[in-house]
Amino acid sequence: MSKDHFLEIRGLKKYFDADRPSLRFASREMRHVHAVDGVDLSLQHSEVIALVGESGCGKSTLALLLMGLEESTAGTISFEGRDITHLKEHERKGLRRKIQMVFQDPYESLNPTQNIEEIINEPLLVHGIGKNKQDRDQRVKKALEDSGLKPADVYLQRFPHELSGGQRQRVVIAAALVLEPEILLADEPVSMLDVSIRAEIINLLAELRITRKIAVIFITHDLGSVGFFADRVAVMYLGRIVEIGTMLEVLEKPQHPYTKALLSVIPVPNPRLRRERIILQGETPNPIDVPTGCRFHPRCPVAMWTCKASDPPFTTLSKTHQAACLLLVK
Amino acid sequence: MTPPLQHGTFPLQRWRMLLKRFGWALFTILFVVVLNFFLFRVLPGDPARQGIRDPRLTPETIQAIRVRFGLDKPIINCFESLNPVKVGSCGVNPLDTQFFIYVKNLLKGDLGQSFYYNRPVKDILGERLWNTILLIGAGQILAILIGVVFGLFAAWKARTAIDYAALISGLVAWSLPTFWLAIILLFWGTNHGLPIGGKATPGMSSYPFMQQMGDLLQHLFLPTLAYTIIYMGEYMLIMRSSLLDVLAEDYILAAKAKGLSAFQILKDHALKNSMLPLVTLIAINLGFTVGGAVQIETVFSWPGLGGAIFEAVGRKDYPLLQGGFLLIAISVILANFIADLTYSYLDPRVQAD
């Protein structure tokens, strides 16, 4: 991969201790939850990547690692050529301006005792942005209006509990935008919202990417909602990326059986269209005892006996499209 | 520019809520006044015979005592037309019943005459109340300060040795029986030459003011210490768990993602939100402890309100009991009202209901 990627993730791993130190038997080794288990990913300027996977596949942990809110176990993250994997909090402060995050639940991620103006003004104060109060007020209003809360004055003095879920999520987005970040991590930003609001928030993110040239990592469990605006789609399963490609490649020509299964269950608003649905059997395996070989083999409808033994490498299908499945290895 | 739509309605909403709460507080006090009056009249025993338990007491003397304290008057008029079961005495002047006189005197600020001390209840309660406020005020302020600081510290250092030490000592302090701790401290004080009873050394009133104050502080030391230990644990545990709850919220993580330092997060986001349960607790404790320091006051012979009420029960001193109960009820209601006010200031969501 070329050097101009401004965010590069290499072999990133995050293991959580599964046992409490006090409850552990001396003879037994500490077991780990393999939340993120070797992820490679790169992001370019104003690119939108959708990270798709079931709950528990490690996509939220990946976001926390990128934000430096969790310490990674192994691997590197570099941003604009600089290694940012292990930074002290004061070293990370400047970086926080450039990488911002939108949390999943707008009902939990806003402090109930602050009004909207305080919430959006706070990052400016923390980072010492804005020459004076007027300048900051201008920035706060612009962030609110860019996030679709118009006119901004109506909302400034309100408290989060007076807003709807969609409006709250717009406030969360505005609080991230006010720092003028270069990367926006959106961790399932629409999963807690009504279906009618979801499209609005996704459209908002799509707009921002055009107007503000922000790169977005859009984390979701719903493959159907990414088609709108993602440049590339990465499918995650049990802490690993199993397929990655441009949006059209992954949605139109999925190669990994897991991607195929995810795509086959997206509802299509046409009752005449009968498709074969691939319903996956069983639960996601326990991330403490990861299956041997291909980690998808216990649930894979086309698994072969070799899948149990060898971990499939990435097969390059086109310049941009890769998938990890033994069936693709020729 | 469009004018703010919602902002203008906030103060009105807030006033309306406060007015509603105030109305409820008044209603509760009225209810207590009525209940308080009848509660002591339902109790068995003749108060007129409590003062002098001499079998030679003549009926004339008993009657004279009754007249003197107004016990000869009917308790309440029965209001025939409204009251099918005819409770009370019928056919008497409603203005000349004990209940009416009680309410009338109450409005004048007169709580009656103590049977035992033969002094106005108001004066006795007044003296005792100041002593109690002195003891409880000092104890509560210390307990809140120490408890909150230790609780904050324990939560900030959660799941470390510091936290576990604070947790265990808090639990132990909270679960100690009050009277037991007071007695232990009393023994300890005896060995260290501290005064163990009352609020002043006899004869102190002829000494200069500063020396009197020093003497008072010495007397205050042990009961305040007992009080502080008992309540400190409770405040600490509540503060710790409340702060831990808040620190686990998403908006704390969001604040960290925005670049706030750990101290800024604690100061600007966690503290205000985690103080909410504590405000309720402090208000309830303040209300109840006006009469609730009975055990400590009894062990240390502190001339406070709790001790007065405790003694009045044994002496069947109904006017004093009645007045004491009313005072406790009013302070509980008042403390809750103040908690409501503080709450609406701390938590904007309260204004909404």
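Select chain B and colour it by burial: of its 353 residues, 29% count as buried. Here a residue is called buried if 20 or more other C-beta atoms lie within 10 Å of its own, exposed if 12 or fewer, and partly exposed in between, with C-beta atoms placed from the backbone. What you have open is a predicted model, where local features need pLDDT of at least 70, side-chain atom pairs count only at pLDDT 80 or more, and totals for chains, interfaces and linings use all residues. Residues are numbered from 1 along each chain as its sequence is written, while chains are lettered from A and ligands numbered from 1 in the order in which they are written.

**Stop 1: the outline of chain B**

Switch to cartoon view. Chain B has 12 helices and zero strands; helices (H or I, at least four residues) and strands (E, at least two) are DSSP runs, numbered from the N terminus.

**Stop 2: Leu326(B)**

Next, select helix 12 of chain B, residues 318-346, and find Leu326(B) in it. Is Leu326(B) buried or partly exposed? It counts as partly exposed because it has 19 C-beta neighbours inside 10 Å. Leaving aside residues up to four places away in sequence, Leu326(B) touches Val32(B), Val33(B) and Asn36(B); two residues are in contact if their C-beta atoms, placed from the backbone, lie within 7 Å.

**Stop 3: where the chains meet**

Show both chains. Here 27 residues of chain A are in contact with 26 residues of chain B. Which helix of chain A gives the most to this side? Helix 3 does, with four residues. The chain A side divides into 11 nonpolar, seven polar and nine charged residues. Ala, Val, Leu, Ile, Met, Phe, Trp, Tyr, Cys and Pro count as nonpolar, Asp, Glu, Lys and Arg as charged, and the others, Gly among them, as polar.

**Stop 4: helix 9 of chain A**

Finally, select residues 257-264 of chain A, where Pro257(A), Tyr258(A), Thr259(A) and Leu262(A) are buried. Their cover includes strand 3 (48-52) and helix 8 (247-252) of chain A.
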